[in-house]
Amino acid sequence: MKQNITILVVDDHPIVRAGCRQLIQQIPSAKVVEAETGEEGYRLFQEVYPDMVLLDITLPGVGGLEVLRRIRANRDTAKVLMFSMHEDPVFASRAMQAGARGYITKNNAADHLVEAVSKVLEGKIYLSPDMAQQLAMLNIDAGTSALSDLSRRELEILRLLGEGKSMNEISDVLGISYKTVANNLTQIKAKLDINKTAELMRFAISHGLSS
């Protein structure tokens with residue numbers, strides 16, 4: 001592993017960032033740069049070009065999956081480890097499909113974070129044992145999660161809806177047209193068998209999608 005490693009940690013909770021910093025500093029020559037929003041995280045990524053990004057999925061405004069998409073579009077060799085409270089394997093599946101090099105839940109951080117960061121820095125893929133097993137079961141028994149049919153973009157739109165954002169605001173955050181948001185919401189409703197937008201908002205909140 002090279003000297004002077006820079007790791008960008010993007011999480012909106014100061015206590016979580018402090019805990020990550022303390023754990024990551026166990027890695028020799030590791031320097032931690034921190035951001036608390038997706039927008040700030042992507043800006044710092046462009047300024048610093050870190051060796052690795054530890055990225056929370058659930059961020060206010062631009063969420064982790066969208067930040068991951070932007071990072072990978074900017075530099076397709078970027079090493080990103082997703083870090084989340086979500087234990088539903090659908091989130092890990094969508095993150096890995098979008099180019100993440102690993103996925104770790106916050107419940108496992110104390111035990112697995114240093115190993116996960118080290119593996120990703122080495123160019124390897126890392127999934128905590130429990131998540132690897134759940135992902136395997138998701139692939140075998142597709143459709144067991146209510147969210148399993150949703151694409152990465154649909155998950156992100158549903159999350160923003162759960163934060164109380166309007167369709168215009170979602171359009172602005174994601175940089176897509178109002179019509180694209182509307183079409184995605186129609187598809188989400190069909191996939192989840194939900195008719196009203198207000199019910200979608202309640203669904204998002206009940207499934208812990210909002211920050």
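**View 1. Buried residues of helix H7.** Arg152, Glu154, Leu155, Glu156, Ile157, Leu158, Arg159, Leu160, Leu161 and Gly162 are the buried residues of H7, where buried means under 20% relative accessible area, exposed over 50% and partly exposed in between (1.4 Å probe, protein chains only). Residues are numbered from 1 along each chain as its sequence is written, and side-chain values use heavy atoms, with hydrogens and water left out. The model is predicted: local features need pLDDT of at least 70 and side-chain atom pairs count only at pLDDT 80 or more, whereas totals for chains, interfaces and linings use all residues.

View 2. H7 (residues 152-162) is mostly covered, with 10 of its 11 residues buried. Helices (H or I, at least four residues) and strands (E, at least two) are DSSP runs, numbered from the N terminus. The cover over the buried residues includes H3, H4 (89-97), H8 (167-174), H9 (178-192) and H10 (197-206), contact being heavy atoms within 4.5 Å. After H7 comes Gly164, with a positive phi near 90 degrees.

**View 3. Strand S3 and its two faces.** Because 5 of the 5 residues of S3 (residues 52-56) are buried, this strand is largely enclosed by the rest of the structure. In a regular strand the side chains alternate between the two faces of the sheet. Met52, Leu54 and Asp56 lie on one side of S3, Val53 and Leu55 on the other, and all are buried.

**View 4. The strand partners of S3.** S1 (residues 5-10) pairs with S3 in the parallel sense over 4 bridges; pairing requires at least two DSSP bridges between two strands. Leu8 stands opposite Val53 in S3. S3 and S4 (residues 80-84) run parallel, joined by 4 bridges, and Leu55 is opposite Met82 in S4. From S3 the chain passes through H3 (residues 64-74) to S4 in a right-handed β-α-β crossover: with the strands pointing away from the viewer, the path from the first strand over the helix to the second runs clockwise.
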